[in-house]
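Here is a friendly briefing to read alongside the structure. Keep the viewer open and follow the topics one by one.

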Amino acid sequence: MARSGLAAAARVARWADNALGPGRDAATTDGKATLSDATAERAASDLGLTTDRIRADWDTARLAGLVEVHGDSARPGWRLRAWNRDDSAVLRGWVALFDAWSLASPEPADQEPGAVAEVVSAMPQVLSFLQLSAGPVPVEQLLDLLRQRVTELRTERCEVPYGAGSEPATPLAPVLSADADPAEPAQDAELAPLLDWALHALAAVGALTYGAGQATLTPLGSWAVWVKLEQICVAAQSPAGNIEQSAEAMLRGCAQLRPNAARAEYRAWLAARTVGSAVAELLLAARGDDALLRGLAFEALRVVGAPAEPDVRAVVDEPALRPYALLWLAEHDGVDPEDAHEVLTRQEATWLWVDTAAAVADHGEAPMLVRHLESALQPTVPALLTEVRAVGHPRTVQVLVALAAAHPDPALAKAVRRAAFQVHTGGS
């Protein structure tokens, strides 16, 4: 359903990729990359559509993140790049359109902006009621629910106590400011045309069907509302209580958790943030001195999935992050996690071995460090020491000293200490 609903928008986005990119014709001459009459007519001619259809599909493509505009050029969003191989990219694109339903259809011109804002704020409750009803709901019933919710929003805004027998609504959406009189209950007469607009707009993006005096969520709309409710529940039930912490503090809190519990904590932390800010914060934590946080940050980025791809790809040239980024990208492209290490060069794999050893030395116990020695690619300890010294990891000396102190074989420990001394003094 999502692919079908966005197919026309994807077609225009691909056309824009070919026709409006750098070095080619601009969308406009005003530098805003909005479709000028000439550009719209050219697209209509190339695609065999009307200019009105082209403009509508262009707007949908922008709202769904299938095309991004930069100055006077347009380029595909990551969702369009991943369109043919990643169903989650298609679904995320549709959810972005669903979230922007109030922008997808022009609001009524004869309504006060404050009243429109109140209805937009109240619609999550209407949608959750439709989702729970799992079938057609009369518009009159939805209008009554909308009236109650708008009245509650006005009451909350001026902090007037709730009347006897009334209860606060579940806060599924942020309250938007409006100019309505908080003391005056919302009236059906003022809300009926706005509800009609909202239901038509949601129907236009494929979230529901609307007609014959009733509304019904489509399967895709029901799924989207369920996902939103699940995100709210996950965010409210952060298992270890790290949801309000910085990425670094959250990752430290997850260091002692089992993998499944840590992933649940990552999901809760991510649900409370925008994808862009969360990914940026995780990568900032990964750039720090703590190797354990570096590994955990990329585990959290695995939970983020496809939306993190551009940012992960952008750090491939950073030596400290390169092995982690290459493994993440390989797994994202479908390589079995057990085989993903094959994308690393011998030098990159050795650097990662030292970085992991640093995490074990800082946070683990001696037996773990000894076992980590057995995971090295090199067949002998002398070969490992030679490559470790050559790779230039900043924690090499500390790792070798810790390994020498932990290993029960005196001869091997002596060789490792000698290697640590040579790295420290720059000798051979």
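Asp144 has a relative accessibility of 31%, so this residue counts as partly exposed, being neither under the 20% cut-off for buried nor over the 50% cut-off for exposed. Please keep in mind that the model is predicted. Across the protein's 428 residues, 44% count as buried.

**Asp144 and its surroundings**

- Asp144 belongs to helix α8, which covers residues 139–157.
- The side chain of Asp144 makes a polar contact of 2.9 Å with the side chain of Gln148.
- In general, an α-helix has 3.6 residues a turn, so residues three or four places apart point the same way.
- Val126 is 18 residues from Asp144 in sequence, and their C-alpha atoms are 10.0 Å apart in space.

**The three-stranded sheet**

- Strands β3, β5 and β4 form an open sheet in the order β3-β5-β4, with antiparallel pairing.
- Both β3 (137–138) and β4 (208–211) are edge strands with a single partner strand each, so one side of each has no neighbour in the sheet.
- β3 is joined to β5 (residues 214–217) by two bridges, and these strands run antiparallel.
- Pro138 has Gln214 as its bridge partner in β5.
- Four bridges link β4 and β5, again in the antiparallel sense.
- Across that pairing, Thr209 stands opposite Thr216 of β5.
- The hairpin of β4 and β5 has two residues between the strands, and Ala212 there takes a positive phi near 55 degrees.

- Helix α7 (residues 113–133) lies across β3, β4 and β5, and runs at about 75 degrees to β5.

**Helix α3**

- Helix α3 takes in residues 51–63, which makes 13 residues.
- From its first C-alpha to its last, α3 reaches 18 Å, close to the 18 Å expected at 1.5 Å a residue.
- Ile54, Asp57, Trp58, Thr60 and Ala61 are the buried residues of α3.
- Why do they belong to the same side of α3? They cover an arc of only 165 degrees around the axis, and this puts them on the same side of the helix.
- Just after α3 comes Gly65, with a positive phi of about 75 degrees.

**Arg267**

- Arg267 is placed in helix α12, which covers residues 259–271.
- Because its relative accessibility is 44%, Arg267 counts as partly exposed.
- Arg267 and Ile243 are 24 residues apart in sequence, with 9.4 Å between their C-alpha atoms.

**The protein as a whole**

- The protein has 21 helices and five strands.
- Among its contacts with a separation of 6 or more, 63% are between residues 24 or more positions apart.

Key:
Residues numbered from 1 in each chain as written. Predicted model: local features only at pLDDT ≥ 70, side-chain atom pairs only at ≥ 80, totals over all residues. Heavy atoms only, no water. Buried < 20%, exposed > 50% of the residue type's maximum accessible area, 1.4 Å probe, protein only. Polar contact = N/O pair within 3.5 Å; in protein donor to acceptor, adjacent residues only side chain to side chain. Pairing = 2+ DSSP bridges. Contact = heavy atoms within 4.5 Å. Axes fitted to C-alpha atoms, helices over the stretch in contact; angles between N-to-C directions. Expected span 1.5 Å × (residues − 1). Arc of directions from axis to C-beta.
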